[in-house]
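Me: I would like to go through this model with you, question by question. Could we begin with how far it can be trusted and then turn to its contacts?

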Amino acid sequence: MNAETIAGTSIVVTALTLLVGLVAWSRRAIERISERDLKSVRDIVKDFRNGS
Amino acid sequence: MDRDRQLSSELSRDLSLFHVTMMGLGMMIGAGVFLGTGKTIGYAGPGGVLLTFALNGLIALFTAMSYAELSSAIPRAGGAYNFARVAFGRGTSFVAGWMEWFASSVAGSLYAVCFATYTVRFFAGLGLVPITATQEAVAVRIVAVLVAAAFIYINYRGASETGKVGAVMTVAQTLFLVFIGIVGFVVVLRDPSRLDNFSPFLNHSHGGWRSLLVTMGFTAVAFEGYEVIAQAGDETVNPRKNIPKAMLYSVLIVTLTYVACAFAAVVAVKAGPGLTIGGREVAPWEWIGHFGGKGFGAAVERLLPRGGGLLVMLAVIFASTSALNATIYSATRASYALGRDRMLPAFFSIISERRKTPWVALCFTAAIVLGVAGLLNADQVASSASIMFLLLFFLVNLCVIKIRYNMGDELHYGFVMPLFPLLPVLAILLQGLLAVFLHEMGPIAWVIAPCWIGGGIVIYRFYSRHRAAPTADEITVIEEERAPGDEGYRVMVAVANPDNALSLVKHTYAVCRAKQARVELLHMVRVPDQVPLSDAHKYTAEGKEAVTETMLYLAPMFPLSTTLRYCRNVARGIVSAVREKRVQLLIMGWHGRSLSSGFTLGSTVDPVIERVPCNVLILKNCGDQTFKRVLVPVAGGPNSVFALEIASILADREEGTLTAFHVASQGGRRPFDVDAFVGEHLDRMELPRTRITARTQVARNAAQAILAEIENPAADYDLVVLGCTRDPKLYQFTRESVPERVAKFCAKPLVMVKASAGIQSFIKRWI
């Protein structure tokens, strides 16, 4: 397996991992916003930063 | 009367998360994997196809997140058109909707032709009826028109039927593709030597890594399904949750499916002497690539020798019809939204009382779809549709930045994307890059697309511009009087009511005199959400009185212009006016308390301080008194310099004194020399050095030390001038900063100042 194949495979795996991670994070965010009835960006970001 | 009732009726809300996810998925899986896989393998190599789909999926997710955030906040039919209207106003939004309509309609006709081509070829291949090439071409057109007409009727039947039919077809084709992917992995487990098909990983005859940019360009349109989901905002159950989820899920599913299928296609063909092109033995990826758009089918036939070809043909038919269904739906909703807002004639927004579908918009969409499917060569027009989709996505990524920045406090969001604004900025850059590479694929698309857009601009200029109905988000000028001339330092005074105007006028006078400024008086008439904008005039009396009071004092001394505007949100109205008038300094009052949760100083003052691209003075309890002992807490930086300058202007010219006060933290590493700081900026101050003193105090809590100094009976300060915080925004969300804490608890007259800051202000003027 040459360097190009290793780099290419790593990029594919990283891209797919990032994709899955971002979708999973987003799903949790949507549920959290809905459960806590958050409305504005200010409320949402503040709530996320507090992390409680 | 009847029409009015129809226009005010709503679309039926019966699409679930599953339905809208499948709608998006159906639009994406349409032709991308079937036509794109073979071409990409041939151009970029066996590893290049995996990289192309994985990276394109990631880029698509960035834009899908923008769509998801905007759709959760503005869940109405119209998609990009609605977002552009809220962000940039009528002109841009009309062009966005116009492009959206055309791109989706033509994509629909392309899918119809795709369906017809495979169907006719399949039956011709059975040899039941002899058919010539010319007859086959005519048959393709007839079948294309018939299948398009069938799906137009299904769309007319209603959203539920549309979603259900699309969902069934999409589930079928997705299961088939997942099956192909699983078979590919099984083949590799049984014969690991198939992994050698990935050598070389990239096709170096087309530039190796560089070839990915080309393949990503021409497969980018295979990831556009979130556009159709955005159109379903009016018809989806719980749209704030379901629309963003559906967009993200569909991109995730389609990317994983594409990558799995591409992997299966590469490993499907066993290397050996049987693989030849023109008598020359070739590698499996070269063999797949030479079939071009049919390469995926050829590979699957090797993977599934018994019935693989038939299954691929059936999958293409399923894929084409579900994509056709989704694009007709999307195009109809785009033109419906244009009609609803009177950008196109009102009859575009008429909804069938029986079916609850916008049947007139559907008829016009049908004319485009059927016309193109039956008469025109769809290939080049489809390239134009792709370019317009990319331009739309480019625009939507701009919209998400602008809308969050300007209306983040007003809208009700169901989702906000992470890493903002990095992801939309990345997407903007990459959309531009992909559009350029699409230009390389089909130059004529760059002729057709500008023609359609140009036609749209002409229609807007001569029809839509004067007829478009105002929306709740627009800010409209009620009255405006302009002073002659246009030069000089501009000070805008935002007056709320007559009392507030009187408390601002004396200090505005001092600042304008020092700056030799011209004055822009602004009153924003806030119209409650439940009141139509047509009744805004009922709320103008108090504002007119305030403006008149202020004019009495300032008009004799300074060139003075006045503006009354109505809006739904005062902060956004003020920011908009500051940008439009290119003001250098904004002066406004603050009642001294925050009535809204989540805001430090208030729901109007906080957004104004954050967003205006100019210097700001916020006056609290200043009345019309004269200030003789002014305290200026300083910590260095542009806001402290500006605070000193404003303090020297507001202090009494004859007897006023100014104290620059710095609180040093205990054990702080870098001592701050207040005296030197004052001396360094003396040229900007209106007071002589002898009347300015500098003090430093060491304390653990800066806010408490400043508040104690304000109440120091020996000093007897009568005004505090305070620079706003320069802490990062995220820090401010979690902790109250020192200036804002002092401002809230200071009982004496107080002026908060914020200096405009070079590049930041420049960006704010444009966002």
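Me: What pLDDT does chain B average?
Reply: This is a predicted model, in which local features need pLDDT of at least 70, side-chain atom pairs count only at pLDDT 80 or more, and totals for chains, interfaces and linings use all residues. Residues are numbered from 1 along each chain as its sequence is written, while chains are lettered from A and ligands numbered from 1 in the order in which they are written. With pLDDT being the predictor's confidence in each residue, from 0 to 100, 87% of the residues of chain B score at least 70, and the average for chain B is 82.

Me: Which helix of chain B gives the largest share of the side that touches chain A?
Reply: In the model, 33 residues of chain B are in contact with 29 residues of chain A. Helices are DSSP runs (H or I, at least four residues), numbered from the N terminus, and those giving two or more residues to this side of chain B are helix 4, helix 11 (239-268) and helix 26 (729-734). The largest share, nine residues, comes from helix 4 of chain B.

Me: How is helix 1 of chain A oriented to helix 4 of chain B, roughly parallel or oblique?
Reply: The axes of helix 1 (residues 3-35) of chain A and helix 4 (residues 46-73) of chain B come within 9 Å and cross at roughly 25°, where axes are lines fitted to C-alpha atoms, for helices over the stretch in contact, and angles run from 0 to 180 degrees between N-to-C directions. Angles under 35 degrees count as roughly parallel, over 145 as roughly antiparallel, 65 to 115 as roughly perpendicular and the rest as oblique. Helix 1 of chain A is therefore, relative to helix 4 of chain B, roughly parallel.

Me: How is helix 7 of chain B oriented to helix 14 of chain B, oblique or roughly parallel?
Reply: The axes of helix 7 (residues 133-157) and helix 14 (residues 308-340) of chain B come within 9 Å, crossing at roughly 55°. Helix 7 of chain B is therefore, relative to helix 14 of chain B, oblique.

Terms used: Contact = placed C-beta atoms within 7 Å.
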